[in-house]
Each structure stands twice: as structure tokens, then as C-alpha cells.
Amino acid sequence: MCGIIGIIGTRDVAGHIVEGLKRLEYRGYDSAGVATLVDGRIERRRAEGKLVNLETRLREQPLPGVIGIGHTRWATHGVPNETNAHPHATDRVAVVHNGIIENYSALRTYLKQKGVSFTSDTDTETIAHLIALHYKDNLEAAVRAALQDVQGTYGIVAVCAKEPGTLVAARNGSPLIIGVGRDEYVIASDAAAILEHTSQVIYMEDNEIARITADGFRTTTLDAVPVTKDVEEVEWTLDQIELGGHEYFMEKEIFEQPKVLETCLRGRLDLRDHCIHLGGIVDCARELVRAQRVVLTGCGTAWHAALVGEYLLEDLARIPAETDYASEFRYRNPIIDAGTVVIVVSQSGETSDTLAALQEAKQRGAMVLGVVNVVGSSIARETDHGIYLHVGPETGVASTKAFTGQVTVLTLLTLYLARRRHMSQRSMNNYVTALGRIPGQIDAILEQNASVRTIAERYMDQNNWLYLGRGYNYPVALEGALKLKEISYIHAEGLPAAEMKHGPIALIHEGMPVVFIATKGTQYGKIISNVEEVRSRGGHVIAVATEGDRDIAELAEHVIYVPDTLEPLQPLLTTIPLQLLAFHAAVARGCNVDKPRNLAKSVTVE
Ligand code: AGP
């Protein structure tokens with residue numbers, strides 16, 4: 001889950017490579033490096049830790065050169081330090097890599113027998129030595145020959161001291177995009193690092209190699225078959241990937257939700273005719289409406305959104321549905337029969353377990369629908385049909401607007417199918433109207449930011465929190481707990497509230513923060529009993545409740561009110577206070593909210 005970049009042009013590239021790495025840093029940030037070609041030699045600068053350390057190194061020892069490669073790392077093989085930082089190089093070849101070389105140990109043994117000595121503990125260094133071993137007078141040919149022996153996933157960019165005008169890139173399982181600029185080419189793991197140069201891009205597919213010079217590029221398969229590529233336009237702007245006056249991307253993305261959910265609903269939610277338009281599924285609508293079973297799959301936050309989707313599809317569209325962790329689905333020999341639709345949910349569209357689950361489902365004959373945010377991502381391109389979130393780029397590692405975007409899209413899909421299966425127009429009118437109110441209602445919740453911060457700061461030293469919900473709010477409890485865990489490093493567990501009595505209630509102690517999603521609904525009475533159970537054992541109840549609910553204020557230490565809406569739509573509102581709680585607890589604990597330890601935005605390795 002690293003970020004890689006390569007630039008070839010007519011001006012010194014080291015500074016531009018570092019600017020590109022800054023936009024890729026959310027993919028991995030434990031060490032970084034740059035290499036350029038200077039007077040027929042490979043020159044490298046590398047540093048452990050955050051990118052600023054590399055910038056300091058480059059200020060002390062500037063790096064000229066109009067061709068270069070760069071890398072920001074999320075360590076898989078070898079501890080994060082300068083020696084293991086990329087680019088890895090021999091005297092002739094330098095390489096940056098995103099992915100995992102599964103047979104690197106065998107390759108190391110083979111290369112050692114060839115007299116190669118290694119300086120790092122990484123899998124990537126084997127690629128550099130393999131290319132050097134195969135190099136005669138053509139870098140592209142050497143890369144092609146080297147990759148015949150490589151098993152695993154990779155996105156690589158290579159340079160060679162003997163070919164000062166050539167960049168060679170190859171992809172298998174990790175994303176790579178070529179930016180077509182004026183007098184330069186930029187190749188990177190995602191469009192964020194390319195946008196300041198150009199919005200004209202080419203998406204590389206698996207098993208493709210690209211040879212890029214200042215005058216142009218050509219793409220072939222690993223077996224040297226030429227491949228014609230289309231230049232596409234990236235719809236996102238540079239502004240969208242800036243902080244926009246916020247201190248953290250997570251904060252910006254939390255407060256962007258009212259606006260971006262309006263964009264997500266635009267052209268899809270028809271408030272005049274009370275219906276739903278989903279252009280991305282028109283061709284498969286009949287099959288979807290007749291689906292015998294829906295399997296939703298994803299990882300992390302996307303899995304939580306998928307779980308809300310399961311509840312929606314069964315409850316409103318009356319389609320049997322189940323949710324599977326992608327990492328389990330891909331290996332558990334799932335039953336996929338005629339009429340099974342698999343929905344893969346992913347913000348980045350690059351998560352390797354979700355991509356593999358998609359491929360497994362397709363192989364078994366399922367129709368696969370993608371719910372994805374990143375346009376042109378691998379999952380978007382490999383699914384038969386799809387619905388984009390249109391919530392703009394999400395940079396904060398902790399997913400926020402993508403979660404509400406995923407839930408909004410799954411709600412639109414459910415209503416679209418429900419109306420075509422059995423839902424009355426009258427009921428549809430209610431849901432469409434209520435969904436149209438959601439962006440404004442989120443705005444109202446965000447106005448409580450300061451009071452939520454006070455609650456978070458009150459309990460920031462507590463190292464164990466519980467999140468409890470019922471029905472549609474059970475996945476929200478899971479999501480709230482994940483948010484707190486991943487950015488504040490507080491241990492938190494999300495549970496169906498009724499599960500407490502079957503064990504977890506033993507955890508409750510005096511002053512322990514317990515977050516209840518206790519909004520009005522079919523199970524309100526039940527959740528109030530659960531609140532009582534926790535209160536009577538000294539737990540401090542932080543309740544997310546429906547505006548106007550005075551009773552719960554008698555029971556809870558703290559109440560965060562959300563506007564009333566239809567029960568199936570509640571996750572879109574009840575999630576917001578939990579995002580703010582986690583954000584403020586992390587800030588109060590001095591955590592790096594946008595780059596939490598041990599994490600990366602897109603998990604492109606297994
Ligand atoms: C969520 O905050 C995390 N960043 C993580 O759980 C994430 O949701 C998961 O890795 C899935 O990513 P995706 O949506 O890009 O596939």
C-alpha cells in the first residue's frame with residue numbers, strides 16, 4: 001500500500017516528485033525516497049519517517065535531473081528505515097514498487113547464487129537485481145524478462161543509468177495511471193499525484209508494461225503484444241484534493257458531507273416525480289429486480305456500509321441478502337447460483353481482497369455490481385455494472401463521506417428495486433422526500449460540533465469504549481467503534497445492544513463510556529432497557545437520540561440529538577456524531593488524524 005511516482009520531462013523533477021508524494025502519502029508514510037539520473041548515474045535520496053524528513057535531506061543535498069522516480073512506503077517486508085526505503089537500486093537500475101512479491105525469498109536465493117549481494121530486507125530489491133541481470137541494452141525488454149520470474153502483485157516504475165530518456169512501468173494488481181502532460185509524463189499510483197500536471201490520463205491494466213520517453217509512450221502486454229490506450233479526463237479538480245481551510249482532511253470530509261451527498265443524489269433522486277434514476281444499472285435492471293439473492297461484500301468501513309445495504313434490501317426490497325467480508329468470501333468456496341447478484345463496495349476501488357472477491361464472484365457466474373468512489377479504479381473497471389458515489393476524493397485514512405456516500409447509494413438502489421418489486425408509490429413518496437432532507441439534516445447535526453468535542457475530551461483518557469445499536473443502527477455502532485480505534489488508538493467494540501447480556505456486559509465498570517445509538521424506532525423500548533442495564537453498572541451513557549426525546553436525557557450522561565427521519569435512513573444521520581466523537585478524541589490525544597499509525601488509505605496487498 002505504497003505510493004509510487006515517476007516523472008520524465010524537460011525540467012528538474014525531484015521537487016515535483018516530492019509534491020506528488022505528498023498527495024500519495026495517505027497510502028503509506030513510514031519512509032520515502034527519490035532517485036534521478038544525473039550525468040549517466042543513478043542518484044538517490046531516502047529518509048525514514050514522514051515525507052518532511054526526505055524534504056530536509058533534499059534541501060541539504062539537492063537532486064538535479066529531468067527524469068526520476070519516487071516512493072512513499074507502507075512497510076510489508078523489512079522495518080521502516082532508510083535502508084529499506086525505496087527506490088531500490090543497483091549501479092545501473094533503480095525501481096520503486098507498490099505491492100508484494102510473493103516468491104521474493106526464492107528470487108533472493110537464486111540471485112545470491114548469481115553473486116548478487118543485498119543491502120535491504122525488502123522484496124522489492126529482488127526486482128532491481130533481476131532487471132539488472134536481464135539488462136543488455138533495452139530497459140523495457142529487461143523489465144519484461146525480469147517480470148516473467150516474479151509472482152505477486154506490483155506496480156513498478158524503473159529507470160536505467162544507461163537510458164537517461166526512458167521510464168518503464170508495469171502493473172499487476174496495483175494501480176498505475178499515466179498522466180499525459182505538456183512536455184512531460186507523470187506516472188503514479190493514483191490521479192491525486194498527477195492533477196497538478198494534467199487531467200489527461202491513461203489507466204494501465206494488469207499485465208501491462210509502458211515505455212515512456214519525453215516524446216511519447218507505448219503500452220504492451222507482458223508478452224509484448226501492443227495495447228492501444230485511450231486518454232481519459234479525470235473529473236476531480238486540484239481544489240477538491242486540498243485542505244480547503246481545514247487542519248485535517250478527515251475534518252474537511254466530515255463537514256463536506258451535506259454538499260457531497262447532494263452531489264451524490266443529484267440526477268438520481270427525483271423529488272418531483274418521487275422516483276429514482278440510476279443510469280449505471282439501466283442495462284441490468286431487469287436482472288437486479290429479479291435477483292434471487294444478493295451478496296454484499298467489502299472491507300472495513302465499506303463492509304459496514306454493505307451491512308446497512310443488507311438490512312435495506314431485505315426490509316424494503318424484500319430480496320434475500322447477506323454480507324460477507326471480502327477476505328473471507330474470496331476463500332470460503334461461496335455458493336453462487338443463478339439469480340445471485342454480488343455487490344462489491346469500495347471507496348478506493350483498489351482494495352485487493354475486494355478486487356479478488358469480485359473476480360471470484362465473476363468466475364462463479366454471478367452478476368457483479370460495483371458501488372465505488374474512485375472513477376477508473378480497478379474495481380470500477382472490472383465490474384459488469386456500477387454506481388459511483390460522486391462524493392469527490394477522500395484523502396483522510398479514516399473513511400467518513402465515503403461511508404455516507406456508500407449508504408446513500410445502497411439506499412437509492414434499494415428504493416429503485418423496491419418500487420419495481422412491490423413498494424407502493426405512496427411509500428416511495430415518503431422515502432424520496434425523507435432522503436432529500438438528509439443533506440440539510442446532516443448540516444444541523446454538524447452545528448453541534450463543539451458540544452461533541454467536549455464529550456470526546458471528557459473521555460479521551462478512557463482506553464475502552466463500547467458502541468451499541470439495534471437494527472439499522474447496529475452497523476453504525478460497528479462503524480463508530482472502527483473510527484475511534486483507527487485514529488485515536490482507543491480500544492472500542494461495536495455490538496448489537498442485545499448481545500451485551502451474553503458476555504460483554506462484564507466489561508462495564510464505573511465511568512466507562514458506552515455510546516448508544518438510541519433513536520426513535522421499532523426497537524426504542526428495547527434499547528432503553530439496554531441503557532438502563534449499563535447505567536446500573538456505572539457505565540457512562542453517551543446517547544445519540546432523536547430530537548425532542550426528553551426521556552433519554554434522564555438516563556444518559558450526554559445526549560447528542562439528531563433530526564427525526566424514517567428508520568431505514570437513520571444510519572445516514574446517526575453516523576455523523578460518531579465521526580465527530582472519534583475525530584475530537586484523536587485530536588485531543590495528539591494523534592495524527594489523517595495518517596494514523598500502521599494504516600494506509602487503500603489496502604492493495606492481501
Ligand atoms: C476506514 O476508515 C478504513 N480506512 C478502512 O477500513 C477502509 O474502509 C477499508 O480498507 C476499505 O477500503 P475501500 O473502501 O477503499 O475498499
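1. A backbone N or O atom of Gln-347 lies 2.6 Å from an oxygen atom of the ligand. This is a polar contact, meaning a pair of N or O atoms within 3.5 Å. The side chain of Thr-351 places an N or O atom 2.5 Å from a ligand oxygen, and a polar backbone atom of Thr-301 is 3.1 Å from an oxygen atom of the ligand. Taken alone, the ligand exposes 410 Å², of which the protein buries 91%; accessible areas come from the Shrake-Rupley method with a 1.4 Å probe.

2. The model is predicted: local features need pLDDT of at least 70 and side-chain atom pairs count only at pLDDT 80 or more, while totals for chains, interfaces and linings use all residues. Residues are numbered from 1 along each chain as its sequence is written, and side-chain values use heavy atoms, with hydrogens and water left out.

3. The shell around the ligand holds 14 residues, where a residue is near if one of its heavy atoms lies within 4 Å. Among the closest are Ser-346, Ser-348 and Glu-486. By class, the shell divides into five nonpolar, seven polar and two charged residues; Ala, Val, Leu, Ile, Met, Phe, Trp, Tyr, Cys and Pro count as nonpolar, Asp, Glu, Lys and Arg as charged, and the others, Gly among them, as polar.

4. Helix 9 (300-315) and helix 16 (473-488) each supply at least two residues of this shell. The largest share, three residues, comes from helix 9. Helices (H or I, at least four residues) and strands (E, at least two) are DSSP runs, numbered from the N terminus.

5. Helix 9 also takes part in an aromatic pair. The ring centres of Trp-303 and Tyr-325 are 4.1 Å apart and the planes are at 10°, so the pair is stacked. Rings of Phe, Tyr and Trp (its six-membered ring) pair if their centres lie within 6.5 Å; planes under 30 degrees apart count as stacked, over 60 as edge-to-face and the rest as tilted. Because Trp-303 lies in helix 9 and Tyr-325 in strand 19 (residues 321-325), the pair ties together parts 22 residues apart in sequence. The count by this rule comes to six aromatic pairs.

6. Some backbone geometry deserves a note. Most residues other than glycine have a negative phi, and most peptide bonds are trans. His-86 and Pro-87 are joined by a cis peptide bond, with omega about 0°; Pro-87 is in the loop between strand 4 (67-72) and strand 5 (88-89). Asn-333 has a positive phi of about 50° although it is not a glycine, and is found in the loop between helix 10 (326-329) and strand 20 (340-346).

Key: Polar contact = N/O pair within 3.5 Å; in protein donor to acceptor, adjacent residues only side chain to side chain.
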